[in-house]
Amino acid sequence: MSSTSVQGEQFRPASRVASQKQDVWSIINEAATNSPTQPIINMGQGFFGYNPPKFITDAAKDALDKVDCNQYAPTKGRPRLKKAIAKAYSPLFGRDIDPDTEVVITTGANEGMLSAFMGFIEPGEEVVIFEPFFDQYISNIELAGGVIRYVPLQPPKNGGSEVSSAGDWTVNMEALEKAINSKTKMIVLNTPHNPVGKIFSKSELQAIGDLCVQRNLIILSDEVYDRLPFTTFTRIATLSPAIAARTLTVGSAGKNFYCTGWRVGYLIGPANLIHYVAAAHTRICFSSVSPLQEAAAVGFEKAEELGFWEQSRKEMKGKVERFCAVFDELGLPYSKPDGGYFVLANFARVKLPEDYKFPPHVAERPRDYKLAWFLIMEMGLAAIPPTEFYTKENMWMAEDWLRFAVCKEDDVLEGAKERLRGLRKYMS
């Protein structure tokens with residue numbers, strides 16, 4: 001017996017991390033590395049193709065010269081950032097937010113959500129999420145020992161044949177009610193939604209909120225794209241005192257200020273809920289990066305007076321429109337996002353060559369993986385197959401779609417459009 005096999009038996013990984021299935025990111029990166037068309041235009045992952053505004057980067061540089069900013073931040077976050085967030089969000093929530101007890105700073109929004117799950121979900125308790133979902137929800141809930149119940153958003157009936165609105169992806173309230181039982185502890189919302197771009201309507205949120213009050217559930221509202229709405233944006237925590245009392249709202253300075261690598265997230269909510277999120281956060285990573293918290297504080301302090309929020313929203317809406325023009329040109333349907341920076345486009349009209357050779361780990365997956373692989377290898381353009389964000393039972397809903405991130409420089413968007421025009425010869 002080889003030493004490798006002995007070590008493999010001796011150091012067996014925990015089941016929570018032992019899955020051998022390749023994830024979407026490794027498959028897309030593999031294709032990008034091996035594509036004969038270089039350089040790849042990457043519109044797959046949602047990182048920005050440009051720097052944060054100068055007032056933010058200047059603040060980060062200044063923070064590095066401050067002794068206290070280079071040491072551990074308080075576990076719940078630097079006081080200046082908590083105060084800046086409370087001041088920025090109090091008018092949006094219609095109440096005064098206490099920065100000391102109702103705000104916690106986390107190492108990115110993702111760690112904040114993990115802290116919420118760790119703070120409230122006991123092994124065997126259930127969490128309801130909507131499909132398609134941000135893939136990190138799954139591992140975070142499972143790490144806490146939670147059981148997931150899935151409720152699919154219903155796609156537009158004519159989404160495969162005509163341009164539709166992200167708002168046309170609807171909630172089936174009957175299915176949601178059926179997913180809830182005596183073990184259910186929490187519902188996760190995402191608005192504006194990734195990957196759909198849907199902003200949940202006030203009536204949808206009211207129905208969901210009332211159901212959570214009735215069934216005594218916690219609401220985890222992932223609102224990391226909250227500064228990029230293109231239509232009316234309602235926060236579920238503002239609908240009633242009873243709903244607010246059970247809602248944790250998740251935000252992201254990285255998304256707000258074009259600096260996803262900074263990993264500065266935050267949660268806002270009632271003190272009795274934030275207390276346990278902070279307790280879990282302390283055990284997961286103790287505290288979050290200190291100088292970048294200080295820079296984010298400056299961001300929240302200055303963004304409104306500098307007109308940054310409105311400028312950011314207009315620029316992103318313009319990028320969506322600029323990029324989607326190529327789908328209009330090609331006659332490919334797409335879902336117009338209500339907010340955020342992702343666009344779903346439908347490629348049912350694109351006919352992949354019958355004799356095209358896909359590697360086995362792609363050939364065995366749904367059609368959107370084959371579309372994504374083909375697009376990278378033949379066109380040099382990376383997009384994400386959204387069936388990755390579905391359970392196996394519901395992958396059929398997304399197998400003709402691809403997700404594109406438009407948070408890139410305009411010349412990159414134009415380059416992507418030109419490469420997409422190469423699909424004409426494969427279209428019926």
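Reply: In E11, the side chains of Phe342, Leu344 and Asn346 point one way while Val343 and Ala345 point the other way, and all are buried. Here "buried" means under 20% relative accessible area, with exposed over 50% and partly exposed in between (1.4 Å probe, protein chains only). Strand E11 covers residues 342–346, and because five of its five residues are buried, the strand is largely enclosed by the rest of the structure. Strands (E, at least two residues) and helices (H or I, at least four) are DSSP runs, numbered from the N terminus.

A word on the source: this is a predicted model, in which local features need pLDDT of at least 70, side-chain atom pairs count only at pLDDT 80 or more, and totals for chains, interfaces and linings use all residues. Residues are numbered from 1 along each chain as its sequence is written, and side-chain values use heavy atoms, leaving out hydrogens and water.

Now for the neighbours. Strand E10 (residues 334–336) runs antiparallel to E11, and two bridges join them; two strands count as paired if DSSP finds at least two bridges between them. Tyr334 has Ala345 of E11 as its bridge partner. Five residues lie between the strands in this hairpin of E10 and E11, where Gly340 takes a positive phi near 85°.

E11 also pairs with strand E13 (residues 401–405), again in the antiparallel sense, over five bridges. There, Asn346 has Trp401 of E13 as its bridge partner. So which way does Asn346 point from E11, along with which residues? Asn346 points the way that Phe342 and Leu344 do.
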